[in-house]
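I opened this model to look up a few local features. My entries follow in the order in which I checked them.

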Amino acid sequence: MTTSVSVRNLTVSFDEFKALDAVDVDVAPGESFGLVGESGSGKSTLLRAVAGLAPVTEGTIRVEDRQLLGARRDKAFYRSVQMVFQDPYGSLHPRQTVDRQLLEPLAIHRVGDGERRILKALDEVGLGSGFRFRYPHQLSGGQRQRIAIARALILEPSILLLDEPTSALDASVQAEVLNLLEQVRRDRKLTFIMVSHDLGVVTHMCDRLAVMQNGRVVERLSSADLVAGRIGEDYTRNLMVASKGFRRG
Ligand SMILES: Nc1ncnc2c1ncn2[C@@H]1O[C@H](COP(=O)(O)OP(=O)(O)OP(=O)(O)O)[C@@H](O)[C@H]1O
Ligand SMILES: [Mg+2]
């Protein structure tokens, strides 16, 4: 199987504590893969490791058949893997305009044609050029998250790592941003790895998912299995009960 992201025996330790303990995950090109699990189970750490932002103690990470060693990643890698975080306040610079924030990744990667790319990115996330010179505090939460998505897309990555991308948003805005993500995934044939504590969101957005507990994957299943209640672990069943957004259907 060709994989977009392949994680093998991945262990990430902070001092003696194993935030990830021998994790295996394979994500196919164009697939949308979900990560669920209780708080502290290692979901963000796994995304951060794939993005080169967590200390890998053991194991391997391959992205599009390139093996990534430690935190030393080449620029092409940083271009192909982009991350979107839960809190758009935290990920946008408060004193920089939208224009500056979109220009920054282009400057870092010495990509030209900034003007056209910025207008295209704003358009793609459903915000017109009128938003270009606004500051984050002049945007709603949903608009801020759209800017964060535009910034992730502007380098034309093939993989998006999404860490609770809509959980800070109201339900109606959440649905809009999820629809936007689904549309860009289809249009650009992107691979997603998405963390959410809302199993309704995960089953809606993802084909398959891994369930994490204490830094390990305890169960893998398809969204269809989860929705139909074909669940192997009590731990997973309890997550389902705890997830308010989840409707068994
Ligand atoms: N830089 C760090 N230094 C020390 N411990 C860390 C660090 N990053 C994460 N951890 C620990 O690793 C464990 C996993 O954290 P992680 O953020 O991956 O959890 P999570 O599943 O994303 O939780 P949540 O749902 O609350 O976001 C936690 O116990 C956390 O305290
Ligand atoms: Mg987290």
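**Helix 7**

I began with the burial of helix 7 and found Gln174, Val177, Leu178, Leu180, Leu181, Glu182, Val184 and Arg185 buried. The model is a predicted one. I then looked up the cover over these buried residues, which includes strand 3 (32-37), helix 5 (114-124), helix 6 (141-153), strand 7, strand 8 (191-195) and helix 8 (199-205).

I checked the length of helix 7 (residues 171-188) next: its 18 residues at 1.5 Å a residue should span 26 Å, and the end C-alpha atoms are 26 Å apart, so the two agree. After helix 7 comes Lys189, and I noted its positive phi, near 50 degrees.

Strand 6 runs parallel to strand 7 (residues 159-163), and 4 bridges join them. For Val84, I found Leu162 as the bridge partner in strand 7.

**Ligand 1**

Which residues are around ligand 1? I listed Phe14, Phe17, Ala19, Glu38, Ser39, Gly40, Ser41, Gly42, Lys43, Ser44 and Thr45. Strand 2 (17-27) and helix 1 (43-50) each supply at least two residues of this shell, and helix 1 gives the largest share, 3 residues.

I looked up distances to oxygen atoms of ligand 1: 2.5 Å from a polar side-chain atom of Ser39, 2.8 Å from a side-chain N or O atom of Ser44, and 3.0 Å from a backbone N or O atom of Gly42. The protein covers 55% of the 640 Å² of accessible area that ligand 1 has on its own.

Definitions and conventions
Residues numbered from 1 in each chain as written. Chains lettered and ligands numbered in written order. Predicted model: local features only at pLDDT ≥ 70, side-chain atom pairs only at ≥ 80, totals over all residues. Heavy atoms only, no water. Pairing = 2+ DSSP bridges. Expected span 1.5 Å × (residues − 1). Buried < 20%, exposed > 50% of the residue type's maximum accessible area, 1.4 Å probe, protein only. Contact = heavy atoms within 4.5 Å. Near = heavy atom within 4 Å. Polar contact = N/O pair within 3.5 Å; in protein donor to acceptor, adjacent residues only side chain to side chain. Areas by Shrake-Rupley, 256 points an atom, 1.4 Å probe, with all protein chains shown as cover.
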